[in-house]
Amino acid sequence: MTEAIKHDTVLDPGAEQVGKTYARALIGAALSAGVADDVLRQLNTLVDGYLASSEKLTAAFASPRIDQNEKNRVIDRLFGSEFHPVLVKFLKVMAKRDRLGFVGAVRTAAVSINDEMQGRLVAEVRTAVPMDEATRAAVVSRLSSTMNKQVRLVETIDPDLIGGMVVRVGDTVFDSSVANQIDKMSRRARDGFSRELLKRFESFAGSNS
Amino acid sequence: MKFSSDEIASVLQAEIEQFDSKIDVREVGTVLEVGDGIARVYGLSGVMAGEMVEFPNGAIGLAFNLEENSVGVIILGNFLTIKEGDEVKALGTLLSVPAGDAVIGRVLDPLGNPLDGKGPVQTSTTRPVEIIATGVSERKPVSEPMQTGIKAIDAMTPIGRGQRELIIGDRKTGKTSIAIDAIINQKGTGVKCFYIAIGQKDSAVAAVVDVLERNGAMEFTTVIAAGASAPAPLQYIAPYAGTAMAEHFMFNGGHCLVVYDDLSKQAVAYRQMSLLMRRPPGREAYPGDVFYCHSRLLERSAKLSDALGGGSITSLPIIETLEGEVSAYIPTNVISITDGQIYLQPDLFFAGIRPAMNAGISVSRVGGAAQTKAMKKVAGGLRLDLAAFRALEAFAQLGTDLDAATQSQLDRGYRMVELLKQPQYQPMTVTDQVLSLFAGTRGYLDDVPIKAVQKWEKDFRQWIHDKHPTLISEMNDKRELTDDITKRIIEAIKEFKASYKPVVS
């Protein structure tokens, strides 16, 4: 039996750390230029659009064999006119320090830093069947009122849950899935059996003596 | 016994009726890497040091290292079926083990799971594995003796209830035997015993359990085994788990004897974990807090004040040295923590002096406070006399002519060494020990040939039990050598010697 891998990529705390540092710098620079939203949107296009569609570009960004000047030329030619100068400069800084391969990590970190600054929370919601609009609205409003923050939902479908939903905010999981409840019930029943068996055994042994 | 199906169904129904579908809130993380009994976990951002976590295969872990990006977890169980990406759940509690009368007579692993095939430990009493030891005001000085039943130890390095006495020596010098004898000697005293085997061959543990069973000692003993095949985290927590089980009795006014066999293996397991966790190595590659690892364990052995019930935990930690090297890191650490040590030497062992205790460097810092008055009277100065004899013996080997006084001192020494020999698994009562030592130290053995001393002692004990039962019972009651008792012992010895002819084989 093979289980579906639940996380999208191999977690690399080192890359994450690098991403966080660069993302903090990028957001800082973009904020002082007053273009944080634009830069973030363009960073998303870069990662989801260009890098995702072109393996060669990704490889070129990550490769240490392509020197800095070459990378700078590529950045200028491809993105010079499209992206905001702050982002272009940022990419060049990354190229200078041989960190262009971590653009993906920077994007992930930048999005979460931005969310945090805007007072937004990301909640991952797993459900057995796709949610309808009413449920979605109810979940969002309930989460926003308890967390006192704006909530952005990331939805996934997982038929193994049977029913109910699992909401994950940060490292905390709120689990109301049917699968989990059945699991808990079976555990308690098992404990109950052994307790009951022992009770029977003791009364049996006691009646003998 | 048969169970009808509706009985089982009724249990299930009760569970279903009681079940309320609350939302399950838990803190989770993801396994980054796993191996060698440890896992690195991403997430678990609110986990605290020492908190329990649960893996999907049911294995329990402890948060050991809290780092910026990840949590280092030691896995107390099967780590072979844990995979990268598995969800780890924080349980929000500290590790605890079953305690109480249900654990007595059992062979358990450090988590309290049975290893003896006698079914699960059925108790609702549990105790946390790691607690802070009792403070100064909750203790009182060690005053009652904890008889090991071994003449050499009870006479020269007496152990009191609440004391920590280290047994140290090379491999195969009889360290475990002393501990086993001490356990066997607790029969009938109400002292609960805990034998904690760390990093030993499972066959050796099975042999110990067998000896304890054959001598009727398993009835009051718990064996906690983390064998050589157990993962390092289990070996590491085994002594804490055993102490937690003992503490249940101590805090209820009972007395316990805990044997840690051996702490050098535990230090090695701790070193392995620490190095895998990338903690910086220090001397002999042990981590910086290996001293704390042992001191916080042994500090939990205590004699409680009367207000707390006066219970006690006596511990006999065992340390194995390499080539008699007591100045290695772990031996010096544990020597400095304990209240004395019994040093066993291979050359004495092979010369037939068993227990192979070196009287010169074995000490008990609690000393006479833990001896009965009778024993204090016969054994006072014995240790120093024996140490002086050893020095004299070395000198006498130079072949010089000796004056009569020196020669008689030597003769007395040879006979005392002979008298202090004692076979394995035959602990003696205090009265018997006092009688034997009385005969030796007062010079009544000086005319018995050296080779016949052991036989003489054995026959004398047998004879006096048969002929003078009132004297024995009186000594048992009084535990003191009054003038009257002394006179009667001397008379008895003279009477015995008149009718006994030592046989030299």
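Predicted model: local features only at pLDDT ≥ 70, side-chain atom pairs only at ≥ 80, totals over all residues.
View 1. Eight strands of chain B form an open sheet with mixed pairing, in the order 8-12-11-13-14-10-15-16. The edges of this sheet are strand 8 (107-108) and strand 16 (363-364) of chain B, each of which pairs on one side only. Strands of a sheet pair through backbone hydrogen bonds, either parallel or antiparallel. Helix 5 (residues 232-250) of chain B lies across strand 11 (192-198), strand 12 (221-226), strand 13 and strand 14 of chain B, and runs at about 175° to strand 11 of chain B.

**View 2. The nonpolar core around Phe194(B).** The largest nonpolar core has 131 residues, and those with the most contacts inside it are Val73(B), Ile183(B), Phe194(B), Ile196(B) and Val259(B). Helix 5 of chain B gives the largest share of this core, 12 residues. When residues up to four places away in sequence are not counted, Phe194(B) touches Thr222(B), Ile224(B), Gly242(B), Met245(B), Ala246(B), Cys256(B), Val258(B) and Val259(B). Apart from this core lies another, of 25 residues, among them Leu43(A), Leu87(A), Leu91(A) and Leu100(A).

View 3. Strand 3 (residues 51-54) and strand 4 (residues 60-66) of chain B pair in the antiparallel sense over three bridges, with Val53(B) standing opposite Gly61(B) of strand 4. These two strands of chain B form a hairpin with five residues between them, and Gly58(B) in the turn has a positive phi of about 95°. Strand 4 of chain B also pairs in the antiparallel sense with strand 5 (residues 70-76) of chain B, over six bridges, and here the bridge partner of Leu66(B) in strand 5 is Val71(B). Strand 4 and strand 5 of chain B likewise form a hairpin, with three residues between them.

**View 4. Helix 5 of chain A and what covers its buried residues.** Helix 5 (residues 85-96) of chain A has 12 residues and reaches 16 Å from its first C-alpha to its last, close to the 16 Å expected at 1.5 Å a residue. Its buried residues are Val86(A), Leu87(A), Phe90(A), Leu91(A), Met94(A) and Ala95(A), and what covers them includes helix 1 (13-33), helix 2 (36-53) and helix 4 (68-79) of chain A. Helix 5 of chain A is followed by Asp98(A), whose phi is positive, near 60°.

**View 5. Chain B as the setting for the views of its parts.** Chain B has 16 helices and 16 strands, and its C-alpha trace spans about 90 × 55 × 45 Å along its principal axes. Of the 505 residues in chain B, 44% are buried. Among contacts in chain B between residues at least 6 apart in sequence, 72% join residues at least 24 apart.

How values were computed: Residues numbered from 1 in each chain as written. Chains lettered and ligands numbered in written order. Pairing = 2+ DSSP bridges. Helix = DSSP H or I, 4+ residues; strand = E, 2+ residues; numbered from the N terminus. Contact = placed C-beta atoms within 7 Å. Axes fitted to C-alpha atoms, helices over the stretch in contact; angles between N-to-C directions. Expected span 1.5 Å × (residues − 1). Buried ≥ 20, exposed ≤ 12 C-beta atoms within 10 Å, placed from the backbone. Core = buried A, V, L, I, M, F, W, Y, C linked by C-beta atoms within 7 Å.
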